[in-house]
Amino acid sequence: DESQVALVGIGQRSNLTNSDIAVADQVTADFFRDFGLYPSGTEYQRFEASIERLEHLAIHVHVVGEREEDHWFPRAAPQSTDGREPCGVVRRSGKRLELDPDFWSYLERNSVPTPLGFLRRFHARPKAWDLATLVLYRTFAARHASVIPWSELRDQMGSEDQSRGG
């Protein structure tokens with residue numbers, strides 16, 4: 001969904017300012033400009049819904065290599081009594097959007113180039129976006145040629161396709 005695109009936008013704005021904090025108005029303006037969207041009420045509502053989803057998003061990164069590592073963001077999510085308390089990788093504070101500090105630090109240490117012009121082509125197609133970012137990451141991180149088995153690709157993409165491929 002567009003939450004991934006919004007997260008990239010927040011990350012890019014944070015990267016430009018070298019801070020884990022971005023101004024919401026600037027992120028919104030950048031998002032609409034970068035993706036060629038007309039700033040209508042409907043588009044603002046969709047973007048706002050994306051930010052709200054990010055406020056509740058937790059991310060797990062499992063690294064396989066010389067040693068296996070697991071990273072959880074946010075590291076310790078506060079418990080909510082109603083289940084709706086924002087406790088994800090993005091926090092809102094007035095007109096500021098703040099990336100979880102541990103997540104921001106991880107992104108700085110493990111930055112993967114994401115050419116916006118390339119990703120712009122996929123912003124309205126979530127599965128294509130997922131595949132494009134997976135290929136960008138795997139290409140960037142590769143130390144040698146590797147094959148992604150169908151089973152892992154299906155798990156990564158969350159596909160509901162019943163075909164097992166070949």
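Student: Do α6 and α7 cross in a left-handed or a right-handed way?
Tutor: The crossing of α6 past α7 is right-handed. Right-handed means the near helix is turned clockwise from the far one by less than a right angle, and left-handed means anticlockwise. Helices here are DSSP runs of H or I with at least four residues, strands are runs of E with at least two, and both are numbered from the N terminus.

Student: What kind of model is this?
Tutor: It is a predicted model, where local features need pLDDT of at least 70, side-chain atom pairs count only at pLDDT 80 or more, and totals for chains, interfaces and linings use all residues. Residues are numbered from 1 along each chain as its sequence is written, and side-chain values use heavy atoms, with hydrogens and water left out.

Student: Back to the helices. What describes a packed pair?
Tutor: Two numbers: the angle between the axes and the distance between them. For helix α6 (residues 126–141) and helix α7 (residues 150–157), the axes cross at roughly 125° and come within 10 Å. That angle makes α6 oblique to α7. Under 35 degrees is roughly parallel, over 145 roughly antiparallel, 65 to 115 roughly perpendicular, and the rest oblique. The axes are lines fitted to C-alpha atoms, for helices over the stretch in contact, and angles run from 0 to 180 degrees between N-to-C directions.

Student: Which residues of α6 and α7 make the contact?
Tutor: From α6, Lys127, Asp130, Leu131 and Leu134. From α7, Leu153, Gln156 and Met157. They divide into four nonpolar, one polar and two charged. Nonpolar covers Ala, Val, Leu, Ile, Met, Phe, Trp, Tyr, Cys and Pro; charged covers Asp, Glu, Lys and Arg; the others, Gly among them, are polar. Contact means heavy atoms within 4.5 Å.

Student: And Pro126, where is that?
Tutor: Pro126 sits in helix α6. It is partly exposed, with a relative accessible area of 36%. Buried means under 20%, exposed over 50%, and partly exposed in between (1.4 Å probe, protein chains only). Pro126 and Gln4 are 122 residues apart in sequence, yet their C-alpha atoms are 8.3 Å apart.

Student: New topic. At what angle do α2 and α3 pack?
Tutor: About 120°, with the axes 12 Å apart. So α2 is oblique to α3. Their crossing is right-handed. Helix α2 covers residues 24–34 and helix α3 covers residues 41–55.

Student: Who meets whom in α2 and α3?
Tutor: Val27, Thr28, Phe31 and Phe32 of α2 meet Glu43, Tyr44 and Phe47 of α3. That contact has five nonpolar residues, one polar and one charged.

Student: Which α2 residues are buried?
Tutor: Ala24, Val27, Thr28, Asp30, Phe31, Phe32 and Asp34. Then look past the end of the helix. Gly36 follows α2 and has a positive phi, near 60°.

Student: Is Phe35 buried or exposed?
Tutor: Phe35 is buried, with a relative accessible area of 8%. It lies in the loop between α2 and α3.

Student: What does Phe35 touch?
Tutor: Val5, Leu116, Leu119, Arg120, His123 and Trp129, leaving out residues up to four places away in sequence. Also, its C-alpha atom is 9.9 Å from that of Phe122, which is 87 residues away along the chain.

Student: Where's His60?
Tutor: In strand β2, residues 59–63. His60 is partly exposed, with a relative accessible area of 38%. Beyond its neighbours within four places in sequence, His60 contacts Asp70, His71 and Trp72.

Student: Which peptide bond is cis around Pro74?
Tutor: The one from Phe73 to Pro74, with omega near -10°. Pro74 is in the loop between β3 (69–73) and β4 (90–93).

Student: What about Asn110, where does it sit?
Tutor: In the loop between α4 (101–109) and α5 (116–120). Asn110 is partly exposed, at 36% relative accessible area. Its C-alpha atom is 9.4 Å from that of Ala141, 31 residues apart along the chain.

Student: Zoom out. How many helices and strands in the protein?
Tutor: Seven helices and five strands. Along the sequence the pattern reads α-β-α-α-β-β-β-β-α-α-α-α.

Student: How much of the protein is buried?
Tutor: Of its 166 residues, 32% count as buried. The accessible surface comes to about 10,900 Å², and 52% of that belongs to carbon and sulfur atoms. Those areas come from the Shrake-Rupley method with a 1.4 Å probe; for residues, only the protein chains shown count as cover.
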